[in-house]
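Subject: Handover of a structure and its findings

Dear colleague,

Please find the structure below, for your files.

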Amino acid sequence: MELGQGDFDRLLFFEHARKNAEATYVKNPLDAENLTRWGGALLELSQFQNRADSVQFVKDATSKLEEALAINPRKHDTLWCLGNAHTSHAFYLDDIDAAKTYFVKAAQCFQQALEEDPGNEMYVKSLEMATKAPELHVELHRQMANQSDARGHSSTSNTKVSKKKKNGDLTYDILGWVILAVGVIAWIGMAKSHLPPPQPPR
């Protein structure tokens, strides 16, 4: 996979975040904030893997987020991240019935996050997207199947080239909202953890 500079920077950032979270976990395994950052970093890193590895990264992220919720069940940003992990997992599955199970879990997480932090626009948007997710899943997998067929019937026509580009764009549109949203939380979490300590008044 060829990475642009922006993607490469993201990869380095979230790999650094993952390593920091691992080190912090050794010192304090009961830090729910750290576990949330770790889960968010793994979810981001899942986008840079092949499909099988991506699923494993999502499963690992889910595990960390569930561990954080065992410590603090009302932590809304963790609930929201877990909803994104379930959504990502669903999109990797070909079977719509199996995917629906994860979409339901995701919607429950988004709903709980919203109950803990009412009016949070990001949570509202995620909950709305969760209701549309099964349709998007069907469309995504249909277009991916068409794309595979198109590869088999290779043609140099501009129409097919633009159609392939649209299929790829759709994939990124669907998964992009998940990744962008998780990225925002991870960046905020990392920024908070690297703030200098407050200076005492003089």
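Phenylalanine 13 is buried in this predicted model, with a relative accessible area of 19%. Buried here stands for under 20% relative accessible area, exposed for over 50%, and partly exposed for what lies in between, with a 1.4 Å probe and protein chains only. Phenylalanine 14 is also buried, at a relative accessible area of 0%.

As to provenance, the model is predicted, so local features need pLDDT of at least 70 and side-chain atom pairs count only at pLDDT 80 or more, whereas totals for chains, interfaces and linings use all residues. Residues are numbered from 1 along each chain as its sequence is written, and side-chain values use heavy atoms, with hydrogens and water left out.

Overall architecture

The protein has seven helices and zero strands. Helices (H or I, at least four residues) and strands (E, at least two) are DSSP runs, numbered from the N terminus. Of the 202 residues in the protein, buried residues make up 41%.

Helix H1 (residues 5-27) has 23 residues and spans 33 Å from its first C-alpha to its last, close to the expected 33 Å at 1.5 Å a residue. The expected span is 1.5 Å times one less than the number of residues in the helix. The buried residues of H1 are Phe13, Phe14, Ala17, Arg18 and Ala21.

Aromatic pairs and charges over rings

Rings of Phe, Tyr and Trp (its six-membered ring) are paired if their centres lie within 6.5 Å; planes under 30 degrees apart count as stacked, over 60 as edge-to-face and the rest as tilted. By this rule there are four aromatic pairs. In one of them, the ring centres of phenylalanine 13 and phenylalanine 14 are 4.9 Å apart and the planes stand at 90°, so this pair is edge-to-face.

In another pair, tryptophan 80 and tyrosine 123 have ring centres 6.0 Å apart and planes at 35°, so the pair is tilted. Tryptophan 80 belongs to helix H4 (residues 76-92) and tyrosine 123 to helix H6 (residues 121-152), so the pair ties together parts that are 43 residues apart in sequence. Tryptophan 80 is buried at 0% relative accessibility, and tyrosine 123 is buried at 1%.

Lysine 64 has its charged end over two rings: that of tyrosine 25, 6.0 Å from the centre, and that of tryptophan 38, 4.3 Å from the centre. A charge sits over a ring if NZ of Lys or CZ of Arg is within 6 Å of the ring centre and within 35 degrees of the ring normal.

H4 has 17 residues and reaches 25 Å from first C-alpha to last, close to the 24 Å expected at 1.5 Å a residue. Of these 17 residues, 16 are buried, so H4 is largely enclosed by the rest of the structure.

A nonpolar core is a set of buried Ala, Val, Leu, Ile, Met, Phe, Trp, Tyr and Cys residues joined through side-chain atoms within 4.5 Å. The largest such core has 26 residues, and Trp80 and Phe110 touch the most other members. Helices H2 (32-45), H3 (51-71), H4, H5 (96-116) and H6 each give two or more residues to this core. At least three of its residues come from each of domain 1 (1-64) and domain 2 (74-149), with bounds from an automatic or database domain assignment.

Apart from this core lies another, of six residues, including Ala90, Phe103, Ala133 and Leu140. Alanine 90 is in helix H4 and is buried, with a relative accessible area of 0%. Alanine 90 and phenylalanine 103 are 13 residues apart in sequence and 6.5 Å apart in space, C-alpha to C-alpha.

Helix H5

H5 has 21 residues and reaches 30 Å from its first C-alpha to its last, close to the 30 Å expected at 1.5 Å a residue. Its buried residues include Phe103, Cys109 and Phe110. Seen down the helix axis, the buried residues of H5 fall within an arc of 135°, so they line one face; the arc is that of the directions from the helix axis to the C-beta atoms. Asp97 and Glu115 are exposed on the face of H5 turned away from its buried side.

The loop between H3 and H4

Asparagine 72 is in the loop between H3 and H4 and is partly exposed, with a relative accessible area of 31%. Asparagine 72 and glutamate 33 are 39 residues apart in sequence and 9.3 Å apart in space, C-alpha to C-alpha.

With kind regards
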